[in-house]
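Thanks for asking me to look this one over. My comments are below as numbered points, to be read alongside the model.

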Amino acid sequence: MKECLMNHGESTVIETVNAAKPNFNKEKLLNAMKYRYATKRFSEKTIPPEDFEVLLETARLAPTSFGLETWKILVIQDKTLREEMKEFGWGIKDKLDASHFVVFLARKKADITFGSDYIRHMLKDVHQVPDEVYEFYRNAYGNFSENDFKTLESERSAFDWAGKQAYIVMAHMMAVAALMGIDSCPLEGFIPKEMDRLLGEEHGLFDTEHFGIAVMAAFGYRGEDVHRNKTRRPLSESVLWK
């Protein structure tokens, strides 16, 4: 099936993918979530490239608000750089030994303000929306960001909203990793300002005018004894039905 869009007077054809409906065993799915935990110590075992590629593709396919994908990923494999990161990462030091270390970036206010080059690129080049849909986004997103959620009130509110999208991406990667028997650990134990300076300004891995570090995560294989059972609130405390 194909969908035809009119964009700048030209016809654009976007393939519609009729993916097969998943039919995973529920017990196996829940077991994967029980198997997953925030791994504290990783082994020296390396994730095969083809398996990590699945995790990256999972990130690419993850949902984000308005489909704007306000995130970017750095995969830090350089051991010398990992050592440098330890100085500003009080809670990430042991995790830097993992097979793959991922830094999730979030875009700043200038990029997520409607009319920016980035938003225009996402809507016109990536999503290939026609002009009338572009105007719909202008109104809907403008009302959302300026009135409803007020995400553009400040640099901080804008970055926090963009950062939420990065967390969605990270969560998807971690869930799929668990299904593949790959361990992970989400990480907030670092000094953002210093880490931005180190990776962005000193090493030039990203433009600090447009991006900041939202969160990090380590992926690999556990190098420790079996973890204790999960302790969580019962659903009766967490879920309200009406």
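1. In what order do the four strands of the open sheet come? The order is E3-E4-E6-E5, with antiparallel pairing. Two strands pair if DSSP finds at least two bridges between them; helices (H or I, at least four residues) and strands (E, at least two) are DSSP runs, numbered from the N terminus. At the edges sit strand E3 (71–76) and strand E5 (183–187), each pairing on one side only.

2. A word on the ground rules. This is a predicted model, in which local features need pLDDT of at least 70 and side-chain atom pairs count only at pLDDT 80 or more, while totals for chains, interfaces and linings use all residues. Residues are numbered from 1 along each chain as its sequence is written, and side-chain values use heavy atoms, with hydrogens and water left out.

3. Back to the sheet. E3 and strand E4 (residues 100–107) run antiparallel and are joined by six bridges; lysine 72 has leucine 105 in E4 as its bridge partner. Helix H7 (residues 155–179) packs on the sheet and touches E3, E4, E5 and strand E6 (211–220). Contact here means heavy atoms within 4.5 Å. The direction of H7 makes about 10 degrees with that of E6; axes are lines fitted to C-alpha atoms, for helices over the stretch in contact, and angles run from 0 to 180 degrees between N-to-C directions.

4. H7 also meets H2: their axes come within 8 Å and cross at roughly 145 degrees. On the H2 side the contact is made by Val54, Leu55, Leu56, Thr58 and Ala59, and on the H7 side by Val169, His172, Met173, Val176 and Ala177. Eight of these residues are nonpolar (Ala, Val, Leu, Ile, Met, Phe, Trp, Tyr, Cys and Pro count as such), two are polar and none is charged (Asp, Glu, Lys and Arg), the others, Gly among them, counting as polar.

5. Helix H1 (residues 26–35) lies largely in the open, because one of its 10 residues is buried. Buried means under 20% relative accessible area, exposed over 50%, and partly exposed in between (1.4 Å probe, protein chains only). Asparagine 25 caps the N-terminal end of H1, with a side-chain oxygen 2.8 Å from the backbone nitrogen of glutamate 27.

6. Two loop residues deserve a look. Phenylalanine 66 is partly exposed, at 26% relative accessible area. Lysine 150, in the loop between helix H6 (131–148) and H7, has a positive phi near 50 degrees and is partly exposed at 36%.

Note on methods:
Polar contact = N/O pair within 3.5 Å; in protein donor to acceptor, adjacent residues only side chain to side chain.
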